[in-house]
Amino acid sequence: MTNEMKLEFSAVSENEAFARVSVGAFVAQMDPTMDELTEIKTVVSEAVTNAIIHGYEENPNGKITILAKLEEESIELTIVDTGRGIEDIEQAKEPLFTTKPELERSGMGFTIMENFMDEVEITSKVGAGTTVYLKKRLATKKSICY
Amino acid sequence: MLTVNFAQKQDVLLIRLKGELDHHSAKQLREKTDHYLQEKDVKHIVLNLEELTFMDSSGIGVILGRYKEVQRAGGEMVVCSISTPIKRLFEMSGLFKILRLEHRESDALRQLGVA
């Protein structure tokens with residue numbers, strides 16, 4: 001069975017907690033482990049924060065969309081912004097790379113996403129926005145074989 | 001929601017964090033800590049994360065920033081009571097190469113000679 005949900009909200013930092021808690025609540029029906037749930041909440045927080053800081057440069061008029069899809073064994077998340085986009089995705093993915101060191105950004109966002117999820121795909125167009133697709137297979141579901 | 005609690009023992013600032021540390025709450029932690037460091041005579045920082053229930057990479061950034069400030073003045077930063085998920089973030093970003101980790105707050109304070 002596939003179960004889907006869609007969230008759209010303003011690009012303001014207050015919504016970082018809202019986004020990860022909402023996705024966490026939706027995913028809870030898959031009965032993930034505490035570690036899996038924490039990992040999912042962390043990557044949502046990373047992607048949403050990137051959209052707010054880099055995509056929209058903290059412009060509250062920006063909108064962020066999250067699509068969450070639950071499959072039999074896996075969770076798929078798509079986080080979309082229509083902000084300024086990423087010029088060099090490979091560089092953005094490098095650990096500790098950041099374009100905003102003055103804001104004390106650690107440059108670890110994409111590294112964390114890659115560590116916590118099974119698949120990470122970033123598509124971006126300068127001036128049009130960024131889409132981050134994340135997929136995670138749940139360990140508890142992986143062990144069930146027919 | 002993040003609650004930041006400060007206590008000072010001689011030249012050590014003890015910061016106890018409770019709640020969630022993300023981009024939204026990192027600003028509050030940065031401003032309050034920097035204000036304290038400017039006003040009071042502090043050399044070292046002990047960061048107690050026992051009641052921190054969530055942290056993302058924004059937390060890494062703000063902790064690294066405070067580390068740089070105490071290090072500039074010849075001080076140290078010791079982190080204690082860290083949960084497994086948050087410890088993984090610290091490991092991933094190489095923070096333990098520069099910060100000392102202690103099991104309990106009392107161990108951290110003892111390390112800095114103020115227990």
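Glu57(A) counts as partly exposed in this predicted model, because its relative accessibility is 45%, which lies between the limits of 20% for buried and 50% for exposed. Glu57(A) sits in the loop between α2 (34–55) and β2 of chain A. Its phi is near 45 degrees, a positive value in a residue other than glycine.

**Strands of chain A**

- Strand β3 (residues 74–81) of chain A is largely enclosed by the rest of the structure, because seven of its eight residues are buried.
- Strand β2 (residues 63–70) of chain A is joined to β3(A) by seven bridges, and the two run antiparallel.
- Within this pairing, Leu67(A) has Thr78(A) in β3(A) as its bridge partner.
- Three residues lie between β2(A) and β3(A), which form a hairpin.
- β3(A) also pairs with strand β5 (residues 129–137) of chain A, in the antiparallel sense and over eight bridges.

**Overall form of chain B**

- Chain B contains four helices and five strands.
- Read from the N terminus, the order of its elements is β-β-α-β-α-β-α-β-α.
- The radius of gyration of chain B is 13 Å, which agrees with the value near 13 Å that a compact globule of 115 residues would have.
- Along the principal axes, the C-alpha atoms of chain B fill a box of roughly 30 × 25 × 25 Å.
- Of the 115 residues in chain B, 53% are buried.

**The sheet of chain B**

- The five strands form an open sheet with mixed pairing, in the order β1-β2-β3-β4-β5.
- β1 and β5 (100–102) of chain B stand at the edges; each has a single partner strand, so one side of each is left without a neighbour in the sheet.
- On average, neighbouring strands of this sheet are turned by 25 degrees against each other, direction ignored.
- Strand β1 (residues 2–9) of chain B pairs with strand β2 (residues 12–21) of chain B in the antiparallel sense, over eight bridges.
- Ala7(B) has Leu14(B) in β2(B) as its bridge partner.
- β1(B) and β2(B) form a hairpin with two residues between them, and Gln10(B) in the turn has a positive phi of about 50 degrees.
- Cys80(B) stands opposite Glu102(B) of β5(B).

**Individual residues of chain B**

- Val4(B) belongs to strand β1 of chain B.
- The relative accessible area of Val4(B) is 12%, so Val4(B) is buried.
- Val4(B) and Leu29(B) are 25 residues apart in sequence, while their C-alpha atoms are 6.8 Å apart in space.
- Ser81(B) lies in the loop between β4 (77–80) and α3 (84–92) of chain B.
- Ser81(B) is not a glycine, yet has a positive phi of about 55 degrees.
- Ser81(B) is buried, because its relative accessible area is 16%.

- The model has one cavity of 30 Å³ or more.
- The largest cavity holds about 40 Å³ of space.
- Its lining is made up of Ile15(B), Leu29(B), Thr33(B), Ile45(B), Leu47(B), Val62(B), Ile63(B), Arg66(B) and Met77(B).
- Two or more lining residues come from each of α1 (23–39), β3 (44–55) and α2 (57–72) of chain B.
- The most is given by α2(B), with three residues of the lining.
- By residue class, the lining of the largest cavity has seven nonpolar residues, one polar and one charged.
- Leu29(B), one of the lining residues, is also the residue whose C-alpha atom is 6.8 Å from that of Val4(B).

How values were computed: Residues numbered from 1 in each chain as written. Chains lettered and ligands numbered in written order. Predicted model: local features only at pLDDT ≥ 70, side-chain atom pairs only at ≥ 80, totals over all residues. Heavy atoms only, no water. 1 Å grid on protein atoms, 1.4 Å probe; cavity = no way out; pocket = protein on both sides within 12 Å on 5 of 7 lines; lining within 4 Å. Points joined across faces, edges and corners; volume = space filled by probe spheres on them. Nonpolar A, V, L, I, M, F, W, Y, C, P; charged D, E, K, R; others polar. Buried < 20%, exposed > 50% of the residue type's maximum accessible area, 1.4 Å probe, protein only. Pairing = 2+ DSSP bridges. Axes fitted to C-alpha atoms, helices over the stretch in contact; angles between N-to-C directions. Rg over C-alpha atoms; globule rule 2.2 N^0.38 Å.
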